[in-house]
Each structure stands twice: as C-alpha cells, then as structure tokens.
Amino acid sequence: MGGVYSSEKMAEVFSYESSEIDWCEDNYKHSEHVVEYFNTMSSFFFFIISPIMLYLLHPYAKERNLAIHMVWTMMIFVGLFSAYFHMTLSFVGQMLDELSILWVLAAGYAVWFPRRHYPSFIKDSCTDQKVVRLAKLSVALWVLAISCWVSDRFGCSFWQRLNFCYLHGIWHILIVIAVAYASTLIAYLDANYEIPYSLPGLQYWPCDKWAVGLPRIVLKGTPKTQKRC
C-alpha cells in the first residue's frame, strides 16, 4: 500500500494545476491543453534572445573564460521550464522554473564574482557614456520588469477589470532583455578590469546606430588567447 500511495503522490505533483500559484491570466482561454497560453508563449523569448546573446558575447568569453556561456545556456533552461510551468501550472513545473532561475544566479556569481578590487573597476569605467547609458537602461528594464511581476501577482483584480491579464507574460519578455543588458554591462566591466589589453568596447546589435538593440562587447585590442589541450 505504501508503494501505491507514493506513486499517487508522485503523480499528483506532475498533474495540471497542482501548484498553489495561479497567475492572473485566464486559464485554458486559448487551448484546452495549455493553462496560461500567453504566459507560456512569452517564455519562448528566452529561446530567441539566449542564442543571440551566446553569439554576441562569444568573443569576450573566448578571450576571458568560456564558462561565461553557462549564464545564457542556463537562461535557455529558464525559458524551457517557464513554458512547462505555465502550460501545466504543475508543482514540478513551479519547482523547475524557480530552480532554473537560481541556477542562472549561481552561474553568474561563479563566473563574475567576487573580485578583489570590485569597487575600483566600476568606478574607473563610469566615464564612458555608453557604459552609463547601458547601466541606466539595465536599471530601468529591471524596475519595469519587476513592476509587471508585482502588479500581476498582487493587483490581479484591477487588471481583470481592465481585461488585461498579461503582465506576467510581459515580465518574461522584459526580464530576458534586462538580463541581456545587465550581463553585458557586468561582462564589460569585468573585461575592462581583467583583460584590459583587449580594449573592450560596447556596441549594439543589429545596428550600433539604432536607439534600441541587444548590447555586445567588441574587443579592439590584440587577443592573447592561448591554445588549450
């Protein structure tokens, strides 16, 4: 009997709507197989932005440390588990979604922090207006993204009256862009301190002259990458 009970409990955590969290979006509105359709579809922005950022940061990662790619590799899993969670609202989906976010934070901490002279290299970089602009945009995107998350979580009744229950999906889109801006800013500061000979600079993809785009690091100096067996 104990084995049967354990199997039933295991099945329950994988079942639809076994999570205690239910976001503001109406359930099963667009599909009988997807609980929160817009929240699920918006998670696929992680699959779009993450490979692009892996490509844009590769010159820096190749010169600095290829382990840096772990951050955006983990972001792909965030998108995968987020889509699964919002599609099913299962307890397992919730746990995978939350754990994958912690993996990203752990990967970022492992490859970038701590630095012995951390305050000094931030201070020495703040005269570059491109860096200042990137920092301001990063903060603005994070504030806007978190505002969407909080509003959807705690102001659902208000948004339901307006028939606009998609703030959590918008959070998905904003947060992946915010991470792109913030991680590039940290990577630039790191490159400026750890590999100054590479003369790191900031540009935007697909066109540096555009007011919006994904930030990337360009290395203007002579690479010193050594072959590894």
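1. Contact here means heavy atoms within 4.5 Å. Among contacts between residues at least 6 apart in sequence, 66% in the protein chain join residues at least 24 apart.

2. This is a predicted model, in which local features need pLDDT of at least 70 and side-chain atom pairs count only at pLDDT 80 or more, while totals for chains, interfaces and linings use all residues. Residues are numbered from 1 along each chain as its sequence is written, and side-chain values use heavy atoms, with hydrogens and water left out.

3. The protein chain has 10 helices and 2 strands (DSSP runs numbered from the N terminus: helices are H or I with at least four residues, strands E with at least two). Read from the N terminus, the order is α-α-α-α-α-α-α-α-α-α-β-β.

4. Of the 229 residues in the protein chain, 41% are buried (under 20% relative accessible area, with exposed over 50% and partly exposed in between; 1.4 Å probe, protein chains only).

5. The largest nonpolar core holds 41 residues, and Met-53, Tyr-60, Trp-72 and Met-75 touch the most other members. A nonpolar core is a set of buried Ala, Val, Leu, Ile, Met, Phe, Trp, Tyr and Cys residues joined through side-chain atoms within 4.5 Å. α10 gives the most to this core, with 14 residues.

6. Leaving out residues up to four places away in sequence, Trp-72 touches Ile-49, Ser-50, Met-53, Leu-54, Leu-57, Val-176, Val-179, Ala-180 and Ser-183.

7. α3 and α5 pack with their axes 9 Å apart, at an angle of about 170° (axes are lines fitted to C-alpha atoms, for helices over the stretch in contact; angles run from 0 to 180 degrees between N-to-C directions). α3 is therefore roughly antiparallel to α5, a label for angles over 145 degrees. Residues of α3 that meet α5 include Phe-46, Phe-47 and Met-53, and on the α5 side His-69, Trp-72 and Met-75 are among them.

8. Gln-94 lies in helix α6 and counts as buried because its relative accessibility is 10%. Its side chain makes a polar contact of 2.6 Å with the side chain of Ser-19 (a pair of N or O atoms within 3.5 Å; within protein, one must be able to donate a hydrogen and the other to accept it, and residues adjacent in sequence count only if both atoms are side-chain atoms). Beyond its neighbours within four places in sequence, Gln-94 is in contact with Ser-19, Glu-20, Ile-21 and Phe-85.

Technical notes. Parallel < 35°, antiparallel > 145°, perpendicular 65-115°, else oblique.
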